[in-house]
Amino acid sequence: MKFGTASFYKRALSIALPVMAQLLIQNLVSLIDNFMVAGLGDIKMSGVNVAGQINFVFLVLINNVLCNGGGIFMSQYKGACDKNGMSQVFRYKLIVCLTTGAAFTAFCAVNPAPVLGLMVRGNSAAAEIVAEAAAYERVIAWTWIPMVITTVITSSLRETGEVRVPLIISVSATLINTIGNYILIYGHFGAPRLEVTGAAIATIIARTAEVITFIIYINVKRPDFFTHVRDIFKVRLSLVGTILVKSAMIAVSEMTWVGSETISTALYNSRGGAEIVSGMAAGFAIANLFFVSFSGIFTSTGVIMGTTLGAGKLEEARVQKSWIESGSVIFGIFFGLLGCASILLIPLVYANLSTAARAVSRGLVFTAAAYMPLWCLANAQFAVSRTGGDTTMGVIVDLTANLLIYLPGMFLLTKFTTLGPVAMYAIVKLSDVEKVIVASVWLKKERWLKNLAKENAV
């Protein structure tokens, strides 16, 4: 491993820490939401979290595919000081994300029950869980349009190096969400007791306040990517085509991963009743507190190496790649230790869950913490590859690991063993070792070492 200078890691942390702080606060609020909903019992908490699994697919599509595909170019145009290029990328992201958000809103509002039912097939409490999930989903559907606008603005600010403003605005929105949950879930201060529906309404209020604040901010500050509404469709078609090709490759990679995770969640849920669904959901809610490290790695790598590549400093980018990979392993060890310590939160946050559900969540958190060094390195490898526009690597890595090892392993363990969900999770995640090995070999080809801003000058 080759480590960089202290000044390099200081710069990386100055970018990563605000992003991680924003996500940490959001995840803490999500944890508080889980705590509030958990007070309603295993069934209602399971319903909210089954809906969350479907929403997870949509969020990955918006964040990791559509915004990330455009972000590859945003950071490189920033390095090349090409404001017109940045504006066109912003317009592209806004168009594709709004279109996708509108389609998902329609799906959630009309009849989400059949799809939600797939997530709990074989579960002894499936009917009750789906009923709660569908009620939640129909209300939460109205958050997706403001959410995608916020995501486009936030991602664009981060990709151009502005990470503190999104932190401040999102913290305010999460506080609104928490207060709204407290009032509407249990009916405090004279409000009606709306339970799961109340949690969804609180999210709508928070998302609306958030998007209004972001729109006001970019209209006042006019960042380099700023564009007027009247110019929203002014995007060069050749640039759209190039971004779509990159995004399509990212989509194959991410949707392969998301599909595998969604199928495996359904298989976990078949191993028992509501205690399995709520226990695994509780465990992932805790794990998300230290999974924020992945976004920190992706954002700092994108900003630092994107601007370096966009400025044409290819040899410097080659050195930075090694420094980022080495630093990510140390980062992973640190967050793995934090993950082990976070197990102490479970009896405090989830006291209202059953003993069996809490046992499942403890096992899951400990397992995820043990994998953190490996996962942080894998995220650094993916970040380097995508920053340079090499989206093929992700497809190769995810297809081989998920379709040839992970999913077959899950089905075999489900059919031929009586292992619980945590043991299954621990075993099949060994497939990520193969991901790191294949990615290491692929990165040596240096297909990521490109100045995309020069190749796609606007």
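**Entry 1: helix 14 against helix 17**

I began with the pairing of helix 14 (residues 372-387) and helix 17 (residues 431-443), whose axes come within 10 Å and cross at roughly 35 degrees. For my own reference, axes are lines fitted to C-alpha atoms, for helices over the stretch in contact, and angles run from 0 to 180 degrees between N-to-C directions. Helices are DSSP runs (H or I, at least four residues), numbered from the N terminus. The crossing of these two helices is left-handed, a term for a near helix turned anticlockwise from the far one by less than a right angle.

A note on the source: this is a predicted model, where local features need pLDDT of at least 70 and side-chain atom pairs count only at pLDDT 80 or more, while totals for chains, interfaces and linings use all residues. Residues are numbered from 1 along each chain as its sequence is written, and side-chain values use heavy atoms, with hydrogens and water left out.

Back at the crossing of helix 14 and helix 17, left-handed as noted, I listed the residues in contact (heavy atoms within 4.5 Å). Helix 14 brings Leu374, Trp375, Leu377, Ala378, Gln381, Val384 and Ser385, and helix 17 brings Asp432, Val433, Lys435, Val436, Ala439, Ser440 and Leu443. By class, the residues of this contact are nine nonpolar, three polar and two charged. In this scheme Ala, Val, Leu, Ile, Met, Phe, Trp, Tyr, Cys and Pro count as nonpolar, Asp, Glu, Lys and Arg as charged, and the others, Gly among them, as polar.

**Entry 2: more on helix 14**

Next I looked at helix 14 and helix 15 (residues 392-416), whose axes come within 8 Å and cross at roughly 145 degrees. Gln381, Phe382 and Ser385 make the contact from helix 14, and Met393, Gly394, Val397 and Asp398 from helix 15. I sorted the residues of this contact into three nonpolar, three polar and one charged.

How many of the 16 residues of helix 14 are buried? I found 14 of them buried, so helix 14 is mostly covered; buried means under 20% relative accessible area, exposed over 50%, and partly exposed in between (1.4 Å probe, protein chains only). Just after helix 14, glycine 389 takes a positive phi of about 85 degrees.

I then checked helix 6 (residues 144-159), which has 16 residues and reaches 22 Å from its first C-alpha to its last, close to the 22 Å expected. Helix 6 is largely enclosed by the rest of the structure, because 15 of its 16 residues are buried. Glycine 161 follows helix 6 and has a positive phi, near 95 degrees.

In the loop between helix 5 (126-140) and helix 6 I found alanine 141, which is buried at 0% relative accessibility. Leaving out residues up to four places away in sequence, alanine 141 touches Thr105, Cys108 and Ala109.

**Entry 3: cysteines**

I looked for disulfides (pairs of cysteine sulfur atoms within 2.5 Å) and the count came to zero. Cysteine 97 is in no disulfide, with the nearest cysteine sulfur, that of cysteine 67, 3.9 Å away. Cysteine 97 is buried, at a relative accessible area of 0%. Cysteine 340 is partly exposed, with a relative accessible area of 33%.

**Entry 4: single residues**

Serine 247 sits in helix 9 (residues 237-269) and is buried at 3% relative accessibility. I saw serine 247 touching Val65, Gly69 and Tyr92, not counting residues up to four places away in sequence.

Threonine 308 belongs to helix 10 (residues 274-310) and is buried too, at 5%. Its contacts, leaving aside neighbours within four places in sequence, are Lys313, Glu316, Ala317 and Gln320.

Last, I noted that phenylalanine 189 has a positive phi of about 55 degrees although it is not a glycine. Phenylalanine 189 lies in the loop between helix 7 (164-186) and helix 8 (196-221). Is phenylalanine 189 buried or exposed? I found it exposed, with a relative accessible area of 72%.

Terms used
Expected span 1.5 Å × (residues − 1).
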